[in-house]
Amino acid sequence: MTTQTTDIPPAERRERRSWLQEHSELGVCVLLLVLGVLVLTDALTMDVDIAQRGPVGPKTVPVVVGAGLLVIAALLAVDVLRGGRGQAETGEDVDLSEPADWRTVLLLAGVFLGSAVLIEPLGFPVAGALLFWGAAFALGSRRIDRDPLIAAGLSLVTYVVFNNLLGVPLPGGPLMGVL
């Protein structure tokens, strides 16, 4: 006597498939749930002596993110099971008949790779300014009088915020003594 898994009537199989298609957002809920459990497990098993670092240590942000993922997964699951549906994407204003702008993509990639190579010898302020100016140029800005000044200012502000205020050391390069 053998039992087959196909003993389910075709009408019931269609009904199950239809229910799963109508509630496909539950897959996102499962993904969020798994990510939340993974983040919380990693955060709670992290070997850190919090007493040395004060009340807010390296576990705080991962625990908040993991708990947030679990809450969002639960709220989304409740919404989906109550009949909520995600809004269909309307798309962007992109003309798909036009070819890709490979010149811009290659210019941006070159500027990014160039700044990655130059950050150590020149320091972040100079490499960052070249990155910002090069990105603006690659994206179509041709204001040679204004763009380098904005790029230099943005790079210096970014350097000061990260290096001095946030305590994230960035290479200063030749300007290390000046800044």
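This note goes through the predicted model point by point, from the whole chain to single helices and residues.

1. Basis. The model is predicted: local features need pLDDT of at least 70, side-chain atom pairs count only at pLDDT 80 or more, and totals for chains, interfaces and linings use all residues. Residues are numbered from 1 along each chain as its sequence is written, and side-chain values use heavy atoms, with hydrogens and water left out.

2. Overall content. The chain holds 7 helices and 0 strands, in the order α-α-α-α-α-α-α from the N terminus. Helices here are DSSP runs (H or I, at least four residues), strands likewise (E, at least two), and both are numbered from the N terminus.

3. Of the 179 residues, 19% are buried. The term buried stands for under 20% relative accessible area, exposed for over 50%, and partly exposed for what lies in between (1.4 Å probe, protein chains only). Among contacts with a separation of 6 or more, 59% join residues 24 or more positions apart; a contact is a pair with heavy atoms within 4.5 Å.

4. Surface. The accessible surface of the chain is about 13400 Å², and carbon and sulfur atoms account for 67% of that. Areas follow the Shrake-Rupley method with a 1.4 Å probe, and for residues only the protein chains shown count as cover.

5. Helix α2. This helix covers residues 26-44. Its 19 residues reach 27 Å from first C-alpha to last, close to the 27 Å expected at 1.5 Å a residue. The expected span is 1.5 Å times one less than the number of residues. The buried residues of α2 are L26, C29, L32, G36, L40 and A43. Viewed down the axis, they fall within an arc of 110 degrees, so they line one face of α2. The arc is taken over the directions from the helix axis to the C-beta atoms. As background, an α-helix has 3.6 residues a turn, so residues three or four places apart point the same way.

6. V39 is partly exposed, at 25% relative accessibility. Apart from neighbours within four places in sequence, V39 contacts P62, G66 and L69. A C-alpha separation of 8.6 Å is found between V39 and A67, which lie 28 residues apart along the chain.

7. L75 in α4. L75 belongs to helix α4 (residues 60-81). L75 counts as exposed, at 57% relative accessibility. Its C-alpha is 8.8 Å from that of C29, 46 residues apart along the chain; C29 is one of the buried residues of α2.

8. T104 in α5. Helix α5 (residues 102-122) contains T104, which is buried at a relative accessible area of 15%. Not counting residues up to four places away in sequence, T104 touches A138 and L139.

9. Helix α7. The 19 residues of α7 should span 27 Å at 1.5 Å a residue, and the end C-alpha atoms are 26 Å apart, which agrees. D147, A151, S155, T158 and Y159 are the buried residues of α7. Their directions fall within an arc of 100 degrees seen down the axis, so they line one face of the helix. Cover for these buried residues includes α6 (124-138). The face turned away from the buried side carries the exposed residues L149, V157 and L165.

10. L166 sits in the segment after α7 (147-165) and is exposed, with a relative accessible area of 55%. Just after α7, G167 takes a positive phi of about 75 degrees. V157, V161, F162, L165, L166 and V168 make a nonpolar surface patch of about 540 Å². Patch residues have over 30% relative accessible area and no salt bridge; like charges are joined within 9 Å, and nonpolar side chains (Val, Leu, Ile, Met, Phe, Trp, Tyr) within 5 Å.

11. Salt bridges. The whole structure has 2 salt bridges, the criterion being a side-chain nitrogen of Lys or Arg within 4 Å of a carboxyl oxygen of Asp or Glu. One joins D145 and R143 (3.4 Å, N to O). D145 is exposed at 53%, while R143 is partly exposed at 40%. Another joins R146 and D147 (3.6 Å, N to O). R146 is partly exposed at 37%, whereas D147 is buried, with a relative accessible area of 9%.
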